[in-house]
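The sequence and structure are shown first.

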Amino acid sequence: MSRSTSIMGREFGDRLVLALVIVFALIMLAPVLWVIGLSLKANAELMADTNSVFRAPYTVMNYFNILANSSVFRWILNSLIVSTCLTIGTLILCSLAGYGFARLNFPGRDILFVAVLLGLAVPEQAVLIARHQIFGILKLHNTYQGLILPGLSAPFGVFLMTQYFRAIPKELDEAALLDNASRFKIFWKVLLPLTVPAQATLGIFTFLWSWNDYFWPLISGTKNTMFTLTVGMASTQTNFAQSEGLGFLMAQAIFAGAPILILYLFFQKYIVTAVSGAAVR
Amino acid sequence: MAEALVSSQASLSSPALTAQRAPRANINASQWRNALFIAPYLFFFVTMLVFPLIWGIWLSFHKADTFGVGKFVGLANYARLFGDKIFLQSVGNTFYFVLLTAPALALLGLFLALALNRQTRSAAFLRAAFFSSSVLSVTIVTLIWRIVFIPDFGLLATIYGWFGAPAPAFLSSPDLSMIAIAIATIWWCVGLPMMLFLSALQQIPGEIYEAAALDNANRWQTFRSITLPSIKRTFILVLLIQVVMQFQLFGQARLMTQGGPNNTSKPIVMYIYDVAFKRWDLGMGAAASEVLFVLILIAAMAQFVLTRRRGEN
């Protein structure tokens with residue numbers, strides 16, 4: 001094979017790959033553009049002909065109608081409360097446990113750690129029904145505690161923080177110990193500040209996971225006023241083929257999706273690390 | 001433990017060292033007090049995960065509804081389950097869905113990773129774009145895709161309309177409903193496999209490629225003898241992760257097709273939801289969850305073995 005044909009072959013291959021990537025990118029983008037387009041049209045016009053998306057007039061009326069619909073704000077507030085509390089709780093619990101597993105010795109430590117690791121393999125569905133019954137007995141359904149508490153048991157954070165604490169050189173705590181610092185002081189003053197990147201990863205992952213969680217909030221928070229945004233948005237979706245508010249629904253989808261996409265723009269690197277880390281473990 | 005032993009021996013043999021070694025011995029001493037750091041998490045681990053897991057297994061052997069647990073029925077719930085055509089159909093549907101999505105996600109993710117594994121701005125932008133759908137909730141994803149597939153107003157219906165053809169009824173046809181859900185799912189989930197492959201590709205040392213270039217290896221040769229062997233393990237790992245994830249299909253099916261038409265797109269998790277939280281037959285629902293648990297456990301264990309072995313190398 002002569003050099004020139006191999007270069008030509010390379011260029012052709014490159015172009016083919018590029019063309020395919022562009023096609024995939026368009027497939028990724030088209031549905032979102034379609035939804036944005038619909039959200040900017042008056043409902044009556046869409047009912048007559050969806051091709052009207054491609055021509056003026058456009059309107060932001062649908063977005064104004066969201067402001068008038070108080071339910072969405074209630075759901076966003078619920079999601080904010082649940083996700084924030086769960087994130088803070090997870091960070092506290094997992095940092096403490098991670099330090100304990102990585103640095104301290106106590107009877108049964110290794111067995112406990114293996115038990116927590118095994119917990120990673122338990123799918124949510126295997127505990128949902130029993131948990132639902134227990135929460136029913138404790139009258140925790142349709143409360144914020146009911147939505148927050150189950151998430152605190154997720155083993156991933158403990159695993160992540162233990163790994164992270166193990167990677168910190170032991171000389172650091174030994175030096176502090178020589179200065180007669182207490183265990184908690186070493187944890188709080190010496191080691192915790194070093195774990196900020198792991199805290200960010202775990203925090204963002206937990207927030208995102210909780211914000212998007214669907215199954216547990218669906219069966220626990222069944223009152224409209226206790227819906228999270230994810231469940232609330234789902235409740236408006238039923239039978240929307242007959243709905244006249246097509247543009248309104250689309251505006252709601254954009255409105256609900258935008259905050260998390262903006263969060264993604266700012267914390268892209270952490271989000272990718274966290275989601276990949278949680279998948280591979 | 002080992003260090004504690006060593007230091008106690010040292011203190012026996014040379015008293016001069018004792019003072020110096022004392023704090024070190026203290027660090028490694030096994031003390032109940034140290035467990036206090038674990039206790040808060042452990043409380044939630046046991047009450048929210050371990051206990052419900054055991055209660056769930058126990059429930060699956062009992063007759064139970066919302067009002068409480070009834071009498072012990074042995075394997076009756078499991079017998080009813082495997083006698084239920086709809087359950088067997090939902091198992092089949094789930095396997096079909098995993099088959100539709102997991103290999104496609106792994107292959108598409110690999111392709112995108114190979115194409116976008118470069119330092120340019122446009123590649124970085126496209127990587128971010130392909131991952132962006134992953135951060136959306138299932139509700140938004142299904143809303144977007146229903147409005148693509150829906151007759152009359154849908155994007156597909158509109159595009160077909162330009163050519164004067166009626167669009168296939170993706171969401172209401174028994175043959176196409178699962179495919180529609182699979183397409184939406186691939187759109188939603190493709191970012192993760194892409195990112196996992198990208199990080200695997202970046203771990204291949206650049207020198208190997210330079211050596212191959214010096215040997216005048218062409219692109220296909222380089223791909224086959226360097227890239228492919230280096231990411232083989234990652235490929236299996238990604239595939240297993242996707243199998244575990246897609247096995248738990250629920251939201252997309254519930255929101256896009258309600259499992260229909262005629263249960264043709266009802267996955268196991270949706271069956272569990274219907275039995276436990278619509279018919280309130282908690283015993284049978286628990287039995288179905290245990291079946292799902294075992295199926296997922298097999299894939300999860302394969303993944304665990306694979307990652308551990310990789311860590312040892």
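In this predicted model, chain A has a radius of gyration of 25 Å, whereas a compact globule of 281 residues would have one near 19 Å. Along the principal axes, the C-alpha atoms of chain A fill a box of roughly 75 × 75 × 35 Å. The secondary structure of chain A consists of 15 helices and zero strands. Of its 281 residues, 41% count as buried. Among the contacts in chain A between residues at least 6 apart in sequence, 76% join residues at least 24 apart.

The domain assignment divides chain A into domain 1, residues 3-61, and domain 2, residues 69-280. The centres of these two domains of chain A, taken over C-alpha atoms, are separated by 35 Å. The contact between domain 1 and domain 2 of chain A takes nine residues from each of them. On the side of domain 1 of chain A that touches domain 2, at least two residues each come from α1 and from α2 (43-48) of chain A. The largest share of that side, four residues, is supplied by α1(A). By residue class, this side of domain 1 of chain A divides into six nonpolar, two polar and one charged.

The contact between chain A and chain B takes 79 residues from chain A and 80 residues from chain B. Which helix gives the most to the side of chain A that touches chain B? Helix α1 (residues 3-39) of chain A does, with 14 residues. The side of chain A that touches chain B comprises 58 nonpolar, 17 polar and four charged residues.

The table sets out the residue classes of the two sides.

| Domain 1 of chain A, touching domain 2 of chain A | six residues | two residues | one residue |

Chain B contains a pair of strands. Strand β1 (residues 62-65) of chain B runs antiparallel to strand β2 (residues 68-72) of chain B, and three bridges join them. β1(B) and β2(B) form a hairpin, with two residues between the strands. Within this pairing, D65(B) stands opposite G68(B) in β2(B).

Methods:
Residues are numbered from 1 along each chain as its sequence is written. Chains are lettered from A and ligands numbered from 1 in the order in which they are written. This is a predicted model: local features need pLDDT of at least 70, side-chain atom pairs count only at pLDDT 80 or more; totals for chains, interfaces and linings use all residues. The radius of gyration is taken over C-alpha atoms; the globule rule is 2.2 Å times the number of residues to the power 0.38. A residue is buried if 20 or more other C-beta atoms lie within 10 Å of its own, exposed if 12 or fewer, and partly exposed in between; C-beta atoms are placed from the backbone. Two residues are in contact if their C-beta atoms, placed from the backbone, lie within 7 Å. Two strands pair if DSSP finds at least two bridges between them. Ala, Val, Leu, Ile, Met, Phe, Trp, Tyr, Cys and Pro count as nonpolar, Asp, Glu, Lys and Arg as charged, and the others, Gly among them, as polar. Domain bounds come from an automatic or database domain assignment.
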